[in-house]
Amino acid sequence: MNNTILDAIGNTSIVQLRRVVPPGCAKIFVKLEWENPTGSMKDRAAQAMIARAEEDGRLKPGGSVVEYTGGSTGVSLGLICVAKGYRLFIVTSNAFSQDKLNQMAAFGAELTLVESEGGLTTKKLILDMIEVAKEISERRDAYRTNQLHNHDSITGYHSLGEEIWTQTGGKVDAFVQSVGTAASIRGVASVLKRYNPKAKIIAVEPDESAVLSGREPGPHKIEGIGIGYEPPLWDPSIVDAVIAVPTDDAKAMTRRLAREEGLFAGTSSGANVIAAIRVGEHLGPDASVVTLMVDSGLKYLSTDVFKR
């Protein structure tokens, strides 16, 4: 029996895709991270960042927390802060779905919005949000989780790697994950590589801003990933390949997942599946590829991914 809402984080289901996978492709398994309490994998990172800060005294009882976020990390921090009694200041933008802004506010987070150009994710927007969060942290004497630089967040995904290994019976030939902060791909990879050094780790990024592939940054609309520059937590030594996926393709696959597989996810999940299929076609039908349903489609109902 769970004692608090925080005990409900993790231990999410894993299912095999059936209809969107072409013939001759590897088995594609997706971890349903929307089963976490706020509907995304970010509950794991938020829990780890707050717990570590409490342990070493960076965050004291009754204190405040501030973070810049596209939404999911802010929502997750909202949950953690409610459960632990911290005031939360969030810096976000009109570039991200109104659904996520509403969800953060529902948890009592105090939002500061930074305008974006054309409602798109750009390098300038991310840097502007970081600066505003820093200013609020200094003015409010709030602990800045600073997710792009916070190594504690990586540890939050070790459990995700362990769950994947156990649920697949140790049959993981490749793990595919889109890169925002890079914490999740690092956390999972460290576990899978320990069990199977031959497991392939594949990163995913927006084609319009394929900086990890050595190209120039640009605006895109795959929320939560592709910050326009190499994330400080990015470690290319653990990654075997990077696949760039166009925003429109990611959106189209996200809609297919809902209509053909009954999987209602966000746009980065669509990008993950496209990349996982590419990897699976290369590895062949005897292989197993795992990727993530990063968050719930409920966070994107107001966007053009699903809105009609």
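Tyr195 counts as partly exposed, because its relative accessibility is 37% (under 20% is buried, over 50% exposed and anything in between partly exposed, using a 1.4 Å probe and protein chains only). The model is a predicted one, in which local features need pLDDT of at least 70 and side-chain atom pairs count only at pLDDT 80 or more, while totals for chains, interfaces and linings use all residues. Numbering starts from 1 along each chain as its sequence is written, and side-chain values rest on heavy atoms, with hydrogens and water left out.

Searching the whole structure turns up two aromatic pairs (rings of Phe, Tyr and Trp, the last by its six-membered ring, with centres within 6.5 Å; planes under 30 degrees apart are stacked, over 60 edge-to-face and the rest tilted). Trp165 and Tyr195 make a stacked pair, because their ring centres sit 4.8 Å apart with the planes at 10°. This pair ties together distant parts of the chain, with Trp165 in helix 6 (residues 158–167) and Tyr195 in helix 7 (residues 183–195), 30 residues apart. Helices (H or I, at least four residues) and strands (E, at least two) are DSSP runs, numbered from the N terminus. Trp165 comes out as buried, at 19% relative accessibility.

Phe264 and Phe306 have ring centres 4.7 Å apart and planes at 55°, so they pair up as tilted. Again distant parts of the chain are linked: Phe264 belongs to the loop between helix 8 (247–261) and helix 9 (267–283), and Phe306 to the segment after strand 10 (288–293), 42 residues apart. Phe264 is partly exposed at 27%, whereas Phe306 is buried at 19%.

Back at Tyr195, Arg194 lies over the ring face, 5.1 Å from the ring centre (the criterion is NZ of Lys or CZ of Arg within 6 Å of the centre and within 35 degrees of the ring normal).

Gly57, which follows helix 1, has a positive phi near 90°.

Strand 4 (residues 87–93) runs parallel to strand 5 (residues 110–114), joined by five bridges; pairing takes at least two DSSP bridges. Ile90 stands opposite Leu111 of strand 5.
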